[in-house]
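The structure is shown first, and the description follows.

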Amino acid sequence: MQQTPQRRAAEQIASVLRKAGHVALFAGGCVRDMLMGRSPKDIDIATDAPPARVVRLFRRTRKVGAKFGVVMVRVADCELEVATFRTESDYADHRRPRKVVFSTAEADAQRRDFTINGMFYDPVADNVIDYVGGRADLDAGLIRAIGEADRRFDEDHLRMLRAVRFAARFEFKIEERTHEAIRRNAPGIRTISAERVRMEIEQILTDVNRRRGWELLRRAGLSAHLAEGLTWTDAQADAGARRLDALPETASFPLALAALLRAEAPPDARRVCTRLRCSSAHAAAVEWLLAQLPRVTASADLELADIKLLAADPRFADLTALLRADLDSQGLSPEPHAHLLDRARRIVPSQLSPPPLLTGEDLVALNVPAGPQYGKILAQVYRAQLNDRISDREAALAMARNLLEEKE
Ligand code: ATP
Ligand code: MG
């Protein structure tokens with residue numbers, strides 16, 4: 001593993017624990033990542049020292065789940081999780097263990113979800129400690145539940161989505177018995193909080209292997225239970241897969257969701273996002289992308305003002321990517337995409353969203369009464385400005401006066 005600041009902090013924490021007579025090992029995902037030559041998101045440390053002891057040994061600590069044996073320790077500029085070896089049982093709501101007993105490294109490995117996530121690494125001896133056969137599964141490219149798969153997924157339903165996430169991300173297979181257990185328990189994901197489901201879906205869909213993730217969700221029988229009221233025909237799910245495949249490697253969550261939810265009416269797609277507890281910005285973005293997609297597909301019908309208004313939107317890049325994926329996935333000509341980009345590129349940046357020539361104050365001066373008319377006139381005059389039909393204040397005022405007379 002590279003000598004990152006995080007790695008140095010982890011070694012320092014392990015060394016302090018060791019000098020105090022404790023076992024201290026890197027644990028879980030970081031060991032897996034290290035063996036795969038990937039840089040881990042975070043390095044977690046597992047120890048036999050109880051939380052109170054961990055807190056006493058370090059100057060800057062923060063208890064996040066002392067009950068569960070977890071203490072955050074800050075060293076240099078890194079904050080790492082130090083967790084006491086533990087056994088978990090008596091799961092509440094198929095998600096959280098109610099009972100935690102401090103235990104050994106071996107027992108701690110048994111509570112983890114998948115074999116590839118169940119290994120430890122001793123930074124002093126530079127050796128991997130593997131009680132669960134994680135090394136072999138890592139080499140074979142397998143996601144295998146630790147222990148009895150059915151029981152593990154029943155304890156914690158979220159693990160089913162985690163299995164898919166890891167299998168997609170690493171291009172691994174889900175081992176057969178693990179897969180069968182997921183198929184049996186799949187409807188259970190309906191009972192876990194929408195927010196947790198969304199967090200997993202977000203990670204699956206923003207990963208470059210999003211298509212694979214989607215196919216795995218389907219095959220495991222999970223796609224039918226993602227959100228209340230969201231159902232898929234095979235044809236819709238296939239089309240979704242093809243659109244996900246056609247997205248650029250890096251795609252925002254709203255972009256990927258819009259690609260997947262393309263068959264829904266835009267307001268319905270938004271409702272699905274809301275049910276998944278997506279942020280309101282993301283839910284609005286999905287609705288906007290799907291509402292704009294037909295417009296930009298027939299972009300020859302758009303006026304210069306429309307192009308400017310679209311191109312000035314921070315979500316425009318996502319819109320063009322969605323258009324491209326939508327066309328590619330159906331084997332259609334990429335021409336509308338090229339045409340849209342070409343028109344947007346020809347706009348001088350300062351002309352994209354210029355300050356309006358006509359303002360509310362001007363309308364007040366013209367004695368326009370407050371009301372719906374007010375906004376409409378401002379919008380119409382601004383469109384004329386964006387369409388390069390008027391270019392100074394005089395023309396803007398004249399147009400406003402004309403519009404007023406027409407209405408009277
Ligand atoms: P990522 O790279 O996405 O962070 P990770 O494997 O590090 O993947 P985390 O959610 O950070 O996953 O959890 C760290 C470790 O804790 C896992 O590797 C696994 O050993 C254990 N773990 C996490 N969630 C669960 C769970 N729901 N059930 C059992 N063990 C879990
Ligand atoms: Mg992690």
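## The largest pocket

In this predicted model, 45 residues line the largest pocket, and D44, E81, R112, D113 and R162 are the ones nearest its centre. The elements that each supply two or more residues to this lining are α2 (29-36), β2 (44-47), β3 (61-65), β5 (78-84), β6 (86-92), β7 (96-102), α7 (158-170) and α9 (194-206). Of these, α7 contributes the most, with eight residues.

The space in the largest pocket comes to about 1400 Å³. Its lining holds 22 charged residues, 17 nonpolar ones and six polar ones.

## Ligand 1

There are 16 residues around ligand 1, and those that come nearest are R32, D156, R159, R165 and R169.

From the backbone, an N or O atom of N117 lies 2.8 Å from an oxygen atom of ligand 1, and a backbone N or O atom of G29 lies 3.0 Å from an oxygen atom of the ligand. From a side chain, an N or O atom of R159 is 2.7 Å from a nitrogen atom of ligand 1. On its own, ligand 1 has 590 Å² of accessible area, and the protein covers 82% of that.

Methods
Residues are numbered from 1 along each chain as its sequence is written. Chains are lettered from A and ligands numbered from 1 in the order in which they are written. This is a predicted model: local features need pLDDT of at least 70, side-chain atom pairs count only at pLDDT 80 or more; totals for chains, interfaces and linings use all residues. Side-chain values use heavy atoms; hydrogens and water are left out. On a 1 Å grid over the protein atoms alone, a cavity is a set of points where a 1.4 Å probe fits but cannot get out, and a pocket is an open set with protein on both sides within 12 Å along at least five of seven lines; lining residues have an atom within 4 Å of a point. Grid points are joined across faces, edges and corners, and a volume is the space filled by probe spheres set on the points. Helices (H or I, at least four residues) and strands (E, at least two) are DSSP runs, numbered from the N terminus. Ala, Val, Leu, Ile, Met, Phe, Trp, Tyr, Cys and Pro count as nonpolar, Asp, Glu, Lys and Arg as charged, and the others, Gly among them, as polar. A residue is near a molecule or strand if one of its heavy atoms lies within 4 Å of it. A polar contact is a pair of N or O atoms within 3.5 Å; within protein, one must be able to donate a hydrogen and the other to accept it, and residues adjacent in sequence count only if both atoms are side-chain atoms. Accessible areas come from the Shrake-Rupley method with a 1.4 Å probe; for residues, only the protein chains shown count as cover.
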